[in-house]
Structure formats: C-alpha cells, structure tokens
Amino acid sequence: MNMKYFGTNGIRGIIGDLITPEFISKMSSAIASMLKNKGTVIIGTDSRLSSPFIKNNVISSFLASGIEVIDLGVVPTPLVQFAVKHLQTNMGIVVTASHNPPQFNGLKIIDDDGIEIDIRKQLKVEEIFEKEQFTFAPWDENGSVTKMDLKQEYINQIIQLVNIDNIQKKKMSVVVDTGNGAGSVITPELLRQLGVRVITVNGNLDGRFPGRGSEPNPERLTEMSKITLQSKCNFSVAHDGDADRAIFGDEKGTIFFGDKSIALFEKWFMSNHENKQFVTPVSSSSAVVDIADAIGGKVIWTPVGCIFVSREMISRNSLLGGEENGGLFYGLHQSVRDGAMAAALMANILAETEKTFSDLVLELPEYFQKKNKLSCPNELKKRAMDHIVATVPENVEIISMDGVKLIYDEGWVLIRPSGTEPIFRVFAEAKTEKNASDIMTKGMRLVQDALQRLS
Ligand code: MG
C-alpha cells in the first residue's frame, strides 16, 4: 500500500521539483474527480511565497471541474478544518508544507468531517492522478469563487470552550512566537480577546520564515524564551508554519518538548471530565500512562501520525489526544491538532491554579528519552522488521502497531522504519538516564543484527 505522493500528512515537495503548476493542476483535478465534480471546497493557505500560485492553480482546476470554491486567504490549517464542518462543505484544501523549510510547499486535503482524508481516499486520488482519469464540467457548469473571512467565528468557538472570566481575572502575560507563519493571524488576537497581554515574536506573515524557521524546535526559540523572562510573562507558545502545533515554555524561559505539555493537558482534562481517555501515538512518553493510572483514566495507543489519532478519537468517542511534537487534539473543539486551541487551553489551565507553569511541569512524572537512527534501504525495511520481531527475547512484551515497541521492566524501546527516509528510527525511554541508554543499546543491537543478516 505504498503511496507515491501522500506522506504522513498530505503531499509535500520542493517548488520546481515535485511541486510544479502542472503537478498541482493534475492533482487538484484528481481530487475534484474523486468528488465527482460536485459540491463545495474550502481553500486556505499558509504564508509561503509559493502559496498564491499553488492556490490559484487549485482553484482553477476545481472551477473547471464544476466545484464551488470558498477562499479563506492566509489562515492556519485548523481554521480550514473548522470551516469545513462549520459550513458543512464537502472538502477543504490547505496549501501548506507545515513545518518544512520555505522552499517546500504542498497540499493537506481535509474530508467533510474536518479530518485529513484517510488512506483509502488518498489511494483513490493517486489512482485517478496516475491514470489521468480526470473529469471536467460542461462549459456552462463551471464553479465560482467566494471570498470569506471566518477568523472571528473560529476564535468565538475557542473562547466558548474556556473560562474567559477566570483568564481575564488572572491578568496574564504571554509571549507568542508564530514564526512568521499562518498562526500570526489568529493566536495573538485570540489571546488578546481572552484578556491576556500578548507580546508577539516573528508575528508578521513572511514566507521566507526569516525569524527562526517554520519548525518550532525548542533550541531555536531563544528569543521567545528571553522575552518571557525579561517581561515577566506567565508562559510562552510557538507554532509551526500552519499553526496546528504548539510548543510551550514556562515563566523561567525553559522551552519544553510537546511530551510535557500534552501530559499537562491530559492531567487537567482527566481531572475535570467524565471522559478519561487520552489518545496518543505509541512513541509518546510513559508519563501519560502514569497520569492516567493515577486518575483512573485510560491511554489509547495509535500508530504515529495525526490522522490516526484523529480517527481513533472519533471511533472511540475520545475527547483528548496529543503528540510529542506539540499536537493537541481537543475534541470539544475539533478532533484535529489545533495550535490556537492549545494556547487558549493552556491559559485556561494556568488561570485555574495558583501554581506557575514550572510548578506544574515539576509535578509530572519524569522520564529520560534517547533518540537514534540507522540507515536502511527502503526495500530492506520489511525484511529487517520481520527479523527484528523474530529475534526479540520471549520475556519481552511487544506492541507491533507501528514498527515494534519492546517493553522491558526498566523502560521501552520503539523501532520504526521511517515512512519518508531510508532509515530506522529508534526511541528509548526509562526512569533513569542509564536505563534509557542501556535500552537504546539493546534496540540498536537488534536493528544492527537484522541489517547485518540481510546484507
Ligand atoms: Mg503543521
């Protein structure tokens, strides 16, 4: 079931390489043909320099196929997802390459339930594309374009899900680093409407991402961190290029990977709601299990990838999901990652407590993580994986939902073939640094043995 163009989240490539006017036009016609040339599609873009040419190309293809188009302009991906459900349209298209560097761009394709289309539909689009089975509308049945601004409707929905009185009373200050991406048009405004004093960093739209790049890596968020301390802010938040992810920092300027923030959200949610389920990929820290166990909740594992988390939340009726890359899925809003929702919810959590952000992080279970990778040609991955599974000692528990996760008494190691690169990724986690290193060594040895056997 290998796909040629769809990756873990839509189609992405470099301008002039994969992403050309011809490619976009044919891909959009394939999508329109899958929709049987009927209905309404919403389109939004991130701030990339190539987004206008791609957007106009997508619109042109849809119109030629007889589909109505609603153009939202430059907006975060989750706003397009919100709009698809809000206006009950057939589909949404986001022109974005998310956190990739500025020379990339791509398409995220949103189904009528607001979630990225599933693998079955991705395969269908690719099949139509490959066979060039495009269908177009007769000359007198072309679609039309309507421009719309749904920013305030989207902000209103988020505001309704937090306690605005509490947040206003707390008189918080927050640093927001939108990285020159699409989040610039929402998160600062949203927090201001919640009564928060906002200081923005890289808050102007700029498709070159000159500030700190489009990926919110903690080591690149130094300016946000410095300003948090200087201006005595309560916390800081940074988004990726299309603002579906949120990375947080505390009042001391320490920036955390997403594993800390999703654990905070999980703990708060399970303590305040009847529905005590938390949906997360198998790569997430065991901290989420400790938290669930302490509150009487349940962690539901999925393969790595936001589409799996969203679809599992829907099928299990779960209201919360999280990813260690900073993806928060708040089902009361929508079952997809949403960076602005995450920022508002964090303000809500801090407004309810006398504790600081760093206090809350200190209360979380502590684990040590190790990450590593090993080269492996794509064609050998499947056989290497089979070999690894066959050589795991009998007393070790295995979860083989996505790669293999081996659970030892001291911790776990996850071995996954990358979906996009010719490598195996190896993650290890344990309660002590030494145990994490030891487990990493065991995991790496299993992969090395398998690769040696096959070479
Ligand atoms: Mg993104």
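The centres of domain 2 and domain 3, taken over C-alpha atoms, are separated by 30 Å in this predicted model. The contact between the two takes 12 residues from domain 2 and 11 residues from domain 3, contact meaning heavy atoms within 4.5 Å. The assignment of the chain, whose bounds come from an automatic or database domain assignment, gives domain 1 (6-149), domain 2 (153-362) and domain 3 (368-454). Residues are numbered from 1 along each chain as its sequence is written, and side-chain values use heavy atoms, with hydrogens and water left out. As the model is predicted, local features need pLDDT of at least 70 and side-chain atom pairs count only at pLDDT 80 or more, whereas totals for chains, interfaces and linings use all residues.

An open sheet of 4 strands shows mixed pairing and the order 9-8-10-11. Strands (E, at least two residues) and helices (H or I, at least four) are DSSP runs numbered from the N terminus, and two strands pair if DSSP finds at least two bridges between them. Strand 9 (197-201) and strand 11 (246-249) stand at the edges with a single partner strand each, so one side of each is left without a neighbour in the sheet. On average, neighbouring strands of this sheet are turned by 25° against each other, direction ignored. Strand 8 (residues 173-177) and strand 10 (residues 235-239) run parallel and are joined by 4 bridges; Ala 238 in strand 10 is the bridge partner of Asp 177.

Two helices lie across strands of this sheet. Helix 8 (residues 222-230) lies across strand 8, strand 9, strand 10 and strand 11, and runs at about 160° to strand 10. Helix 12 (residues 339-351) lies across strand 10 and strand 11, at about 170° to strand 10. These angles run from 0 to 180 degrees between N-to-C directions, the axes being lines fitted to C-alpha atoms, for helices over the stretch in contact.

Leaving aside neighbours within four places in sequence, the contacts of Phe 248 include Phe 235, Val 237, Phe 256, Phe 265, Ala 342, Met 346 and Phe 357.

Strand 3 (residues 40-45) is mostly covered, with 5 of its 6 residues buried, that is, under 20% relative accessible area (1.4 Å probe, protein chains only). Strand 3 pairs with strand 4 (residues 68-74) in the parallel sense over 5 bridges, and Val 41 stands opposite Val 69. With helix 2 (residues 51-64), these strands make a right-handed β-α-β unit: with the strands pointing away from the viewer, the path from the first strand over the helix to the second runs clockwise. Strand 3 is also joined by 5 bridges to strand 5 (residues 91-95), the two running parallel; here Ile 42 has Gly 92 as its bridge partner.

Thr 89 lies in the loop between helix 3 (77-86) and strand 5. Thr 89 is buried, with a relative accessible area of 6%. Not counting residues up to four places away in sequence, Thr 89 touches Thr 40, Ile 42, Ile 70, Val 84 and Asp 112.

Definitions and conventions. Buried < 20%, exposed > 50% of the residue type's maximum accessible area, 1.4 Å probe, protein only.
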